[in-house]
Amino acid sequence: MKKKWISISTAGMGDRLVCFASALRRDEDALIYWPIQKSDLERLFDHLFNYEGHITEYNEIPGVATNGNWRLWLNNEEMKKYGYQDYKYNLVPQEIRDVYVPIFQRIKNMIRDDIKEEVKNHIKKLGNDVVGIHLRTFEGKYYFNGSFDNDYEGVINLFKSAMDKFPKSTKFLLATDDERAKSELEKDYNIVELENRGLWDQKFDLVEALVLSNCKNLMLTAMSHYSELIWWFAGAHNNVIPLYPKAQIQKTGTIPDWIDNSLFTNEYI
């Protein structure tokens, strides 16, 4: 009898949908169980999608396997050939892209029609030739309850060096976890954000990811699955500048041993 898979993740939007995509690859009828994490707002997460496979309780259901690993799942042959492919963006082999792009497209198709309409309206207002940016500073006091403040300026400067590659008139659609980044970037660049941003607003996060994925060019933060989700929603194209702020990661944690450290070479572009 074929094993039934349940996608379980307690993390944010990017982690949950990468986990779900991995579960769907193993089982096209995979179930979803997304526990509440930070607030009651997350109760609405499942219902952003027209998908009947979500469950509200999981009590060790017999005959199923759970997929709670937020890394993109590869089979044994792919792992031997390529190794983990998280955060590699334009270095991800076409063979892997060909597998997962249709799965993420399927997830996009599941999204409620009213949300799709909202995304269309944002895209229409923004116009063409907008560069999409997701900038995470991994600010230590907020994410790690540390007594230190991280080198957020170094991360912002890394993004500036990439933004300078575009014409001065370029419009940048910014999604960030740090208001200091917005304040700093809008001094020298044409920065726009989506309206009605909300804290831990899952619907907004989904809308924002979809609008960013429509941008022809993307600038994304490594070690953020929200950034990676945007890229997969965009069709995993090569018009992406992935930024690996090594100093920032080292201050807030460690670079996992399964990530290719050679990626962290563009601290200064």
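Asp 178 is buried, with a relative accessible area of 6%. Buried here means under 20% relative accessible area, exposed over 50%, and partly exposed in between, with a 1.4 Å probe and protein chains only. The structure is a predicted model, in which local features need pLDDT of at least 70 and side-chain atom pairs count only at pLDDT 80 or more, while totals for chains, interfaces and linings use all residues. Residues are numbered from 1 along each chain as its sequence is written, and side-chain values use heavy atoms, with hydrogens and water left out.

Asp 178 sits in the loop between strand S5 (171-176) and helix H7 (179-185). Helices (H or I, at least four residues) and strands (E, at least two) are DSSP runs, numbered from the N terminus. A polar contact links the side chains of Asp 178 and Arg 180, at 2.8 Å. Such a contact is a pair of N or O atoms within 3.5 Å; within protein, one must be able to donate a hydrogen and the other to accept it, and residues adjacent in sequence count only if both atoms are side-chain atoms.

The chain holds ten helices and eight strands. Of its 269 residues, 51% count as buried. Its accessible surface comes to about 13300 Å², and carbon and sulfur atoms hold 47% of that area. Accessible areas come from the Shrake-Rupley method with a 1.4 Å probe; for residues, only the protein chains shown count as cover. Contact means heavy atoms within 4.5 Å. Among contacts between residues at least 6 apart in sequence, 67% join residues at least 24 apart.

Five strands form an open sheet in the order S6-S5-S4-S7-S8, with parallel pairing. Its edge strands are S6 (190-192) and S8 (240-243), each of which pairs on one side only. Neighbouring strands are turned by 20° against each other on average, direction ignored. Two strands pair if DSSP finds at least two bridges between them. Strands of a sheet pair through backbone hydrogen bonds, either parallel or antiparallel.

Strand S4 (130-135) pairs with S5 in the parallel sense over six bridges. His 134 has Ala 175 of S5 as its bridge partner. S4 also pairs with S7, in the parallel sense, over four bridges. There, Val 131 has Asn 217 of S7 as its bridge partner. Six of the six residues of S4 are buried, so the strand is largely enclosed by the rest of the structure. Both of its faces are covered. Val 130, Gly 132 and His 134 lie on one side, with Val 131, Ile 133 and Leu 135 on the other. Helix H9 (residues 225-233) lies across S4, S7 (217-221) and S8, and runs at about 155° to S7. Axes are lines fitted to C-alpha atoms, for helices over the stretch in contact, and angles run from 0 to 180 degrees between N-to-C directions.

S5 and S6 run parallel and are joined by three bridges. Leu 173 stands opposite Val 192 in S6. Phe 172, found in strand S5, is buried at 1% relative accessibility. Phe 172 and Val 192 are 20 residues apart in sequence, with a C-alpha to C-alpha distance of 6.1 Å. Beyond its neighbours within four places in sequence, Phe 172 has contacts that include Val 130, Val 131, Ile 133, Met 163 and Met 219.

A nonpolar core is a set of buried Ala, Val, Leu, Ile, Met, Phe, Trp, Tyr and Cys residues joined through side-chain atoms within 4.5 Å. The largest has 61 residues, of which Leu 17, Phe 49, Phe 104 and Leu 206 touch the most other members. Elements giving two or more residues to this core include helix H1 (13-26), helix H3 (94-110), S5, S7 and H9. A second, separate core of 19 residues includes Val 131, Ala 162, Phe 172 and Leu 185. Leu 206 touches Met 13, Leu 17, Leu 48, Phe 49, Ile 111, Ile 115 and Phe 233, not counting residues up to four places away in sequence.

Glu 228 lies in helix H9. Glu 228 is buried, at a relative accessible area of 3%. Residues up to four places away in sequence aside, Glu 228 touches Gln 85, Asp 86, Tyr 87, Lys 88 and Tyr 89. A polar atom of the Glu 228 side chain lies 2.6 Å from the backbone nitrogen of Tyr 87. Asp 15 is 213 residues from Glu 228 along the chain, and their C-alpha atoms are separated by 9.1 Å.
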